[in-house]
Amino acid sequence: MDNSSAYTPPKIWSDTKEHGGRFASINRPVAGPTHEKTRPVGRHPLQLYSLGTPNGVKVTVMLEELLAAGHSGAEYDAWLIRISEGDQFGSGFVSVNPNSKIPALMDHSGQAPIRVFESGAILIYLAEKFGAFLPADSARRAECLSWLFWQMGSAPFLGGGFGHFYAYAPTKIEYAIDRYAMEVKRQLDVLDRHLAQSPYLAGDEYTIADMAVWPWYGALVKGLLYEAGEFLQVQAYTHVLRWTDQIAQRPAVRRGRMVNRVSGEPSSQLHERHDAGDFDTRTQDKLAAPLESATHTRHSRAP
Ligand SMILES: N[C@@H](CCC(=O)N[C@@H](CS)C(=O)NCC(=O)O)C(=O)O
């Protein structure tokens with residue numbers, strides 16, 4: 001092995017140079033807000049501040065599943081946080097999540113508002129609040145929480161490790177790509193062997209563990225993450241694919257993945273959700289339509 005390196009770390013690291021790569025403009029070595037910005041609050045008990053990334057989708061799927069199961073107390077407003085524009089560093093957002101990452105939730109249903117950050121914590125909070133999607137029986141609950149925490153611990157190797165070095169880093173580093181490709185394929189094999197024996201992650205029942213793992217590893221096996229489907233030969237993980245397709249058919253999942261989404265087909269993007277009817281009336285294709293006709297109709301104006 002060649003031990004030579006173009007870079008010798010100095011004694012003390014300092015943030016003096018332009019690092020390049022996607023997200024370089026928002027990365028900082030310190031925490032806390034960069035600017036004052038009031039947190040908007042809508043009319044529902046639950047206020048979600050998020051973006052339609054895999055971590056954000058976990059929570060919007062859970063909220064839509066709760067509503068579909070008849071838990072009307074799960075009505076929510078979903079506000080858009082554009083992380084590429086630094087919204088996560090506004091003072092209002094930081095007061096909900098001092099870690100400045102989406103998703104973040106405020107529950108205004110009680111006497112004092114409760115904040116919850118970290119997607120896994122939000123899923124457990126909602127599951128316990130509504131008594132849904134987290135088995136009560138201790139063996140099945142343990143299995144569900146084990147897979148939920150597996151996701152929370154594993155996905156940083158997929159996103160921050162593999163995804164970063166394969167797709168986003170300004171230079172391709174063979175050592176880093178090999179290391180994380182190996183780990184991601186191992187993770188996929190863990191899932192594939194388990195799903196060969198079990199319909200869902202925690203057994204026969206669809207739970208918050210599936211909601212946490214699906215947006216990451218489901219997207220990966222469908223070739224939707226980092227354009228890495230061929231590189232990782234994802235079609236080999238047939239049991240993960242079976243489970244992915246099964247979950248994708250759920251109507252609540254279809255709705256949840258539209259919320260706070262800012263890419264893809266305009267009809268699949270619901271930037272903010274404040275009402276169940278918004279899925280029919282406020283997707284980007286519908287919002288664009290009156291603007292287009294306004295250019296042709298003399299007295300019409302944009303909403
Ligand atoms: N462990 C956190 C991770 C959240 C996370 O990494 N969020 C990303 C988007 S998927 C983010 O907000 N990044 C903004 C930033 O790093 O400044 C969770 O699961 O909630």
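This report covers the sheet, the helices packed on or beside each other, and the ligand shell of a predicted model.

Residues are numbered from 1 along each chain as its sequence is written. Because the model is predicted, local features need pLDDT of at least 70 and side-chain atom pairs count only at pLDDT 80 or more, while totals for chains, interfaces and linings use all residues.

**The sheet.** Four strands make an open, mixed sheet in the order S2-S1-S3-S4. Strands (E, at least two residues) and helices (H or I, at least four) are DSSP runs, numbered from the N terminus. Two strands pair if DSSP finds at least two bridges between them. S2 (76-80) and S4 (114-117) are the edge strands, each pairing on one side only. From one strand to the next, the twist averages 20 degrees. Angles run from 0 to 180 degrees between N-to-C directions, and axes are lines fitted to C-alpha atoms, for helices over the stretch in contact.

**The S3-S4 hairpin.** S3 (residues 104-107) and S4 run antiparallel, joined by four bridges. Six residues lie between the two strands of this hairpin. Two facing pairs are listed here.

Helix H1 (residues 54-68) lies across S1 (46-50), S2 and S3. H1 runs at about 155 degrees to S1.

**The H4-H6 pair.** Helix H4 (residues 138-168) packs with helix H6 (residues 208-221) at an angle of about 30 degrees, their axes 8 Å apart. H4 is therefore roughly parallel to H6 (angles under 35 degrees count as roughly parallel). Their crossing is left-handed, meaning that the near helix is turned anticlockwise from the far one by less than a right angle. Residues are in contact if their C-beta atoms, placed from the backbone, lie within 7 Å. On the H4 side are Cys 144, Trp 147, Leu 148, Gln 151, Ala 155 and Leu 158. They meet Ile 208, Ala 209, Ala 212, Val 213, Trp 216 and Leu 220 of H6. This contact has 11 nonpolar, one polar and no charged residues. Ala, Val, Leu, Ile, Met, Phe, Trp, Tyr, Cys and Pro count as nonpolar, Asp, Glu, Lys and Arg as charged, and the others, Gly among them, as polar.

**The ligand shell.** Residues around the ligand include Ile 26, Thr 53, Asn 55, Lys 101 and Glu 118 (C-beta atom, placed from the backbone, within 6 Å of the molecule). The shell divides into four nonpolar, five polar and two charged residues.

Methods
Two residues are in contact if their C-beta atoms, placed from the backbone, lie within 7 Å. Angles under 35 degrees count as roughly parallel, over 145 as roughly antiparallel, 65 to 115 as roughly perpendicular and the rest as oblique.
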